[in-house]
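Please work through the exercises below with the sequence and the structure side by side. Each one sets a task and then goes through the solution step by step.

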Amino acid sequence: MLEQWSYTLHLRLRSLLLRTRVDQELREEIRDHLEQQIQANMAKGMPETQARRAALNSIGAIAQIEDQCRDARGVNNIENFFQDLRYGLRQLRRSPSFSALTILCLILGIGANAAVLSWVEGILFRPYPAVANQERLVALSGTAMGESGVTALSWPDFLDLQRNCTLADAFIVSKITGASLGIGDRSERARGSIVSANYFDALGIHPVLGRGFRPEDDSGRNAHPVMVISYQLWKDRFKSDPEIIGKTQLLSGVQHTIIGVAPEGFYGTFVGWAMQFWAPVSMEELFEGGGYKLDDRGARWIEGYMRLKPGVSRQQAQEEASAVMKRLEADYPATNRGRSVKLWPLWQTPWNNAGTLLPTLAIMLAVGIFVLLIACANVGNLLVVRAFARRHEMTVRLALGCGRGRLLKQLLTEGLILSALGAGGALIVAYWCRHALGLLFPARAGMVMYLPGELDWRVLACSAAISLVVTVLIGLIPAIQTRKIDLAGVLNAESASVVGGRGRARFRSILVLVQVSLSFILLVGVGLLIQSLQKVRTESPAFSTKGVLNTAVDLVSAGYDAERAYAFRDELMDRVQALPGVESAAFALATPLGYGYYPSGPIDVEGYQLPPEEQPTVEYNEVGPAYFATVGIPLVAGREFVRSDDLKNVPVAVVNETMADRFWRGNDPIGKRIQVKGRWMQVVGVAKDSKYDSVREAAKPFFYVAMRQTVSVRGTTLNIRTPLGPQAMATALAREVRALDSNLALYETITLQEQLERSTASQKVAVTLVGILGGLALLLAAIGLYGVMSYVVSQSARELGLRMALGADSSNLLRLVMRRGLTLTAIGMMLGALGALELTRLISGFLYKVSPHDPVAFGSAVSIMVVVSVAACAFPAWRAARTDPVRALRN
Amino acid sequence: MEPMTKPSDLVQGTLDMLILKILALEPQNGWAISQRLKQISSEVLQVSDGSLYPALHKLEQNGWIKAKWMTSEKNRRSKFYSLTAVGRRQLKTETANWDRLSTAISNVVKLKEA
């Protein structure tokens, strides 16, 4: 088999590379045949000339045989292809403006898609650069009966899964955390992961310096203060110190030995953030607080991944893991009743940003396809013009006996050249856009936003597939045109501008209609998204955004216990209030519209009979004295929390208006009592409704409890009302914090306005990108319309001249051309409007207080389209108006 | 025009089989093959010399036969074709196919007559 293969390969290479020698041999072979035949004939008694003639007769046309032999060897196909390639390139060089325009359209069309695909691939399918075998990684979360959403896992459960699941070859813990990183006399927040000891080995990551973790790092309470740092951290903070291994670094107040430096381009395993350090699970308590958890089956904190063995499906692994959890449930009912696990494909990982980006990426993918279609219609348009210009050449070739199949091959080759150049340019565009997505999101101080885009084989394959389809389209359009060529007609008539003109114009008009309607749909979509964003951004959060700063101190990772935290808050508050420029200040547990979660719990309301099926769960915030005055939430009744609302006095709460309406129905709630988590509190005030999680949310019941009436380490978000800017205040604050404890890190200080803007960042990104793509589509459509109108004008020069000769003045002609172009636009817009009415419903989930059929969006799309069409038609119309009747008629 | 310069698929396949069969006996040059072809089948199949060479080149390309320039006893340099192991297997399957087909056809013909 191998021998045969190598022999035929040798043959093929020979026929291709040593063409003249192979042809020579063939000629010799045939001559040899002829000579033998001649001798045979002469042996039968023929004279030599007759023998020669008979031999030549019996073999037939030698040139034809040679050609058939070449065909048999499969050489002609390849040779023809190279010939077509050379010819095609020459053709493209000859009309540079056509080639440039076509290739540009293709670059934009394919490039937009390649870029979006690279984001989809980088964020959803292979989110972790440098990690091996990601296609087999699945995210591992816990589930609890009766609770929607996911839970974390406990370390003992995790170990049991690891021991008993035979279908996975690795289990890793990867829990995102934060720590204060001591640099000199100050501290900074750093983002890191708590990972199991096998982390680096399992992911196939080899530290560039030092090593990863050892199995013993997985056990012992705070026993292994070691860390691996990221390449970036090593470069920025440690100046690429080659002797870094073995040095110590203060992390959350504890000296950690640096044992390794991760390789460049490895960012950890969390979509959205680049990790700066990795610490072993034995140190978990230091970063997260809440006691030692490695021996406690009820302490759930683990987020992790599992890598399936090759060929194992997620379903199979899920069944096995569920069975293991079932056994644990029987063995440890106290901690594991109703507990199981769920495996997720990476792009649905419940705890990182992949899921939140999914709808944005879906919209972008759809828009990308629209842009591609519009670009293709444009290229088609250009090709039709060219096919018309080349009709003479095609006709001559057909007349000279060139097969239509051969002609088709050549046209496809030209299409291939165009789309290959387009695809090449597109990949460069996509390469530039790779990391651009991350740049659109606001970064937080000291932490690196990382949204990867990769140009791997999948992106390349998809782009190649797109270009192939485009190639066929590009080749087929002129091919269809040549099919209609009427040999005699074209060759005879020099008045060829009339032949088939109408059919061609109709075809091109259809392409323009497609473009106009698709870009109209995009315009409506962009209009809707912009309006929605506008609504979101002008929506008042019902608290002050100006003149209020927000920051936080990290007490948990600094090892504070509840009592010390309680005391620290009071001390810091005294110092902050004494700072110049501070009008008021208050601590809170969570910041409105921030990244944190509000606590929530089922509540009991005194005097309110719960309907049997209702168990109202209400979110609340823990806030310090003067919180409402500081943040600017007006009170409609009662009073604000004060310093004396402390452990010695009766617990108090403030409810919002919606909550007051719902549970007290018009009666005054002040003085009534509510209970949450077993603690009764007296309502002392009613606050105006405001926005809590998102400006898009509807009014919901919410209440506030007084922070100084519970002792907890949590609750270190600091709000300050001041006319000073964030920078000045941050410096002053950092000084005060350091005066109390130099190990403490201060979070970024931002205005609440900034907080508000960040909360709408992903919408802004979506709108920006869709806007860019929509603008691109509009530009392409305008080029298409312009092309068609110029063509119409150039083709009907004679008619225009005639009209002018018959008394039409230039304004008549101007109107004539404009009318024709605008009619096309109008029909296109009508089609687009019909499509948009259907399609915009798909993005209604993105829209805030805007109907998918919003008249303003449709209206502005119409006006933009009209302006663009008028601009696109203006030049051709102007040219028509300047038609010189004498010259037009003479030509 | 030669009637067989572009043989139909059936005849083409048959021609391939005949060539393989001839080469199975001993290596031959092109002219000798054409003489054998004429001997075997001159009355039934008209194979022109013109269609022989493309067929030989195709068989070579398929790896069923091998070509080698050799000097014959009369001191003539000729291109000799010989069967490869793959070609031998191919001949076997084609012969078997042919037998099956011809049996089937003759059965059908008999059926019709009965």
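**Exercise 1. Find which residue of S3(B) stands opposite B:Gln28, and describe the pairing around it.**

Step 1. In this predicted model, the residue of S3(B) that stands opposite B:Gln28 is B:Tyr81. Strands here are DSSP runs of E with at least two residues, helices are runs of H or I with at least four residues, and both are numbered from the N terminus.

Step 2. Strand S1 (residues 28-29) of chain B is joined to S3(B) by 2 bridges, and the two run antiparallel; strands count as paired if DSSP finds at least two bridges between them.

Step 3. Strand S2 (residues 65-71) of chain B also runs antiparallel to S3(B), with 7 bridges joining them, and here B:Lys66 stands opposite B:Ser82.

Two notes on reading the model: it is predicted, with local features needing pLDDT of at least 70 and side-chain atom pairs counting only at pLDDT 80 or more, while totals for chains, interfaces and linings use all residues. Residues are numbered from 1 along each chain as its sequence is written, chains are lettered from A and ligands numbered from 1 in the order in which they are written, and side-chain values use heavy atoms, with hydrogens and water left out.

**Exercise 2. Work out the order of the strands in the open sheet of chain B, and say which strands stand at the edges.**

Step 1. The open sheet has 3 strands in the order S1-S3-S2, with antiparallel pairing.

Step 2. S1 and S2 of chain B stand at the edges, and because each has a single partner strand, one side of each is left without a neighbour in the sheet.

Step 3. H2(A) packs on this sheet and touches S1, S2 and S3 of chain B, its direction making about 100 degrees with that of S3(B); the axes are lines fitted to C-alpha atoms, for helices over the stretch in contact, and angles run from 0 to 180 degrees between N-to-C directions.

Step 4. In strand S3 (residues 77-83) of chain B, 5 of the 7 residues are buried, so the strand is largely enclosed by the rest of the structure. Buried means under 20% relative accessible area, exposed means over 50%, and partly exposed lies in between (1.4 Å probe, protein chains only).

**Exercise 3. Describe A:Glu25: is this residue buried or exposed, and which residues does it touch?**

Step 1. A:Glu25 is found in helix H2 (residues 19-43) of chain A.

Step 2. With 14% relative accessibility, A:Glu25 counts as buried.

Step 3. Not counting residues up to four places away in sequence, A:Glu25 touches A:Arg14 and B:Trp69, where contact means heavy atoms within 4.5 Å.

**Exercise 4. Summarise chain B as a whole.**

Step 1. The secondary structure of chain B comes to 4 helices and 3 strands, and from the N terminus on the elements run α-β-α-α-β-β-α.

Step 2. Chain B has 114 residues, of which 44% count as buried.

Step 3. Among the contacts in chain B with a separation of 6 or more, 51% are between residues 24 or more positions apart.

**Exercise 5. Examine the salt bridge between A:Glu285 and A:Arg221, and then the one between A:Lys326 and A:Glu329.**

Step 1. A salt bridge is a side-chain nitrogen of Lys or Arg within 4 Å of a carboxyl oxygen of Asp or Glu, and by this rule the count over all chains comes to 26.

Step 2. The side chains of A:Glu285 and A:Arg221 meet at 2.6 Å, N to O. A:Glu285 lies in helix H10 (residues 284-288) of chain A and A:Arg221 in the loop between strand S5 (209-210) and strand S6 (226-229) of chain A, so the pair ties together parts that are 64 residues apart in sequence.

Step 3. In the bridge of A:Lys326 with A:Glu329, the closest N and O atoms are 3.9 Å apart; both residues lie in helix H11 (residues 314-331) of chain A, 3 residues apart, about one turn of the helix.

Step 4. A:Lys326 is exposed, with a relative accessible area of 57%, whereas A:Glu329 is buried, with 19%.
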